[in-house]
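Student: Hi! I've got a model open and would like to talk it through. Could you walk me around it?

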Amino acid sequence: MMVICIIYFVCCKKLLDALTMANIQTPNAVRGTQDIIAAAQESFAHVVQSFERISRYYGFDMVQVPVIEQTSVFARSLGESTDVVSKEMYTFDDRGGDSITLRPEFTAGISRAFLTNGWQQHAPMKLSAHGPLFRYERPQKGRYRQFHQIDAEIIGAAEPFADTELLIMADQLLREIGIDDGVTLNLNTLGDSESRDAWRQALITYFQDHRNSLSKESLNRLDRNPLRILDSKDDGDKKLCQDAPIIDDYLTNEAQDFFARVTQSLDTAGVDWIRNTRLVRGLDYYRHTAFEFITDRLGAQGTVLGGGRYDGLIENLGGASTPAVGWAAGIERLAMLVNVPEHNGPDAVLIPLGDRAMEAAIAILSDLRRNYIIADMAYKGNMKKRMQKANIKKAKLAIIIGDDELDRGEAAVKNLVSGEQQSCKIDMIVDYVKKS
Ligand code: ATP
Ligand code: MG
């Protein structure tokens with residue numbers, strides 16, 4: 001009777017478990033987010049590591065800033081009329097009732113940090129950062145809701161050399177990760193406040209005269225931020241923009257001189273660029289230099305790196321007038337273009353056969369790894385499966401440990417490239433692998 005009860009109980013429990021499992025639906029990943037592994041992760045890491053290395057050559061300090069900020073940090077600095085603030089921010093009230101935003105870009109947060117930590121005393125500061133950002137956009141290739149940027153800023157420098165230095169660094173990065181082919185530096189100046197205001201007025205007049213041909217979105221921009229019509233992705237708008245007034249006719253002498261010094265030093269440093277008089281940046285805070293590195297290999301998502309001078313931003317955040325310049329690049333877009341050579345497999349894979357061998361293998365494995373040898377263990381399945389695993393991992397050596405070998409204090413070492421097999425004393429394995 002007892003046995004029947006137990007069997008009955010076990011069966012019921014199994015049935016219940018199966019039913020519950022069937023009812024649990026695995027949640028999907030959030031739209032516009034990605035899980036990155038294998039080759040894509042290698043490319044991603046290659047971009048980040050190259051950026052970290054190069055930014056050190058240029059004297060930048062890495063900074064970590066929060067992923068969350070008070071909403072006003074972005075609303076005030078990016079401008080209410082920008083796409084990012086008006087449509088793309090992830091904003092929510094936290095449990096204490098504060099309005100919080102997931103950072104959609106780095107510059108505003110770094111500028112906030114500059115002010116709240118009193119970093120003015122260290123100006124000019126060269127800061128670099130990388131990490132995830134969030135924008136509520138329509139996901140497509142090269143455009144995600146959670147994406148990642150590398151970012152470089154020079155805060156507290158009014159000199160055109162700061163702009164040039166950042167551009168030379170960007171150029172070097174793109175070369176070193178091997179994607180400079182087909183990438184062009186598009187450069188423009190938006191002038192100082194005086195030039196920009198005059199140009200703005202001329203643009204309003206021009207677009208007013210053609211308002212019937214403007215897209216609905218650009219009609220909206222006409223009142224709020226006419227410069228951004230030049231940034232429109234609508235084909236009709238783009239055509240209209242070809243004959244729109246250009247900044248050159250409104251530049252003050254100072255603004256002209258500033259731009260000339262930037263372009264001259266780029267030429268001196270051997271950085272190729274083209275002038276793009278229609279280039280404005282999506283955000284409100286830019287002055288003087290504006291630039292984008294654009295590739296012909298990613299279709300509509302062709303801008304891989306963009307930035308410029310944002311002399312007005314820190315004042316908008318309530319700080320003293322502080323000149324600054326910076327750029328940011330989308331890691332995913334860069335990673336899609338890089339070709340990372342395939343990694344070598346591990347130097348050795350251990351194959352222990354039996355419990356005693358397993359203990360010995362754990363000791364050998366730890367020893368190898370502590371000696372900076374890339375090693376792994378195949379501990380599942382029969383011998384054939386384990387050898388297969390070592391081959392799939394592209395290991396150089398398989399170290400096979402059975403009871404007989406163990407009794408002799410030895411292991412069998414098979415070279416998976418040549419097929420040759422030799423015995424090796426267990427306490428000599430580190431040396432053996434190092435020499436192989
Ligand atoms: P776009 O015109 O493509 O929307 P943007 O002007 O909004 O770009 P920035 O704010 O200047 O872009 O960001 C700098 C870089 O970050 C871009 O050049 C791009 O490489 C990357 N980036 C921006 N938004 C996204 C996104 N949603 N997904 C992936 N990368 C992005
Ligand atoms: Mg955008």
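Predicted model: local features only at pLDDT ≥ 70, side-chain atom pairs only at ≥ 80, totals over all residues.

Student: Which atom of ligand 1 does the side chain of Glu-137 approach?
Tutor: A nitrogen atom: it is 2.6 Å from an N or O atom in the Glu-137 side chain.

Student: And what about Arg-281 and ligand 1?
Tutor: There the ligand contributes an oxygen atom, with a polar side-chain atom of Arg-281 2.4 Å away. The backbone takes part as well: a polar backbone atom of Val-304 is 3.4 Å from an oxygen atom of ligand 1.

Student: Back to Arg-135. Where is its place in the fold?
Tutor: Arg-135 sits in the loop that links β5 (125-134) to β6 (146-155).

Student: Is Arg-135 buried or exposed?
Tutor: Arg-135 is buried, yet it has no salt bridge. Glu-88 is the nearest side chain of opposite charge, at 4.4 Å, and the cut-off for a salt bridge is 4 Å.

Student: What does the side chain of Arg-135 reach, then?
Tutor: The backbone oxygen of Pro-104, at 2.9 Å. Leaving aside residues up to four places away in sequence, Arg-135 also touches several others, among them Val-84, Tyr-90, Tyr-144 and Phe-147.

Student: New topic: helix α3. How many of its eight residues are buried?
Tutor: Six of the eight residues in α3 (residues 71-78) are buried, so the helix is largely enclosed by the rest of the structure. The buried ones are Thr-71, Val-73, Phe-74, Ala-75, Ser-77 and Leu-78.

Student: What covers those buried residues of α3?
Tutor: The cover includes helices α4 (83-88), α5 (107-116) and α11 (313-316), along with strands β2 (68-70), β3 (90-93) and β4 (99-102). Take a look just after α3 too, where Gly-79 has a positive phi of about 100 degrees.

Student: I also clicked on Ser-55. Where is that?
Tutor: Ser-55 belongs to helix α2 (residues 38-57). Its relative accessible area is 2%, so Ser-55 counts as buried. Not counting residues up to four places away in sequence, Ser-55 touches Phe-60, Met-62, Ser-128 and Met-169.

Student: Zooming out, how is the protein divided into domains?
Tutor: Domain 1 takes in 38-192 + 252-336, and domain 2 covers 348-435. Their C-alpha centres lie 49 Å apart.

Methods: Residues numbered from 1 in each chain as written. Chains lettered and ligands numbered in written order. Heavy atoms only, no water. Domains from an automatic or database assignment. Helix = DSSP H or I, 4+ residues; strand = E, 2+ residues; numbered from the N terminus. Buried < 20%, exposed > 50% of the residue type's maximum accessible area, 1.4 Å probe, protein only. Lys, Arg positive; Asp, Glu negative; His and termini not counted. Polar contact = N/O pair within 3.5 Å; in protein donor to acceptor, adjacent residues only side chain to side chain. Contact = heavy atoms within 4.5 Å.
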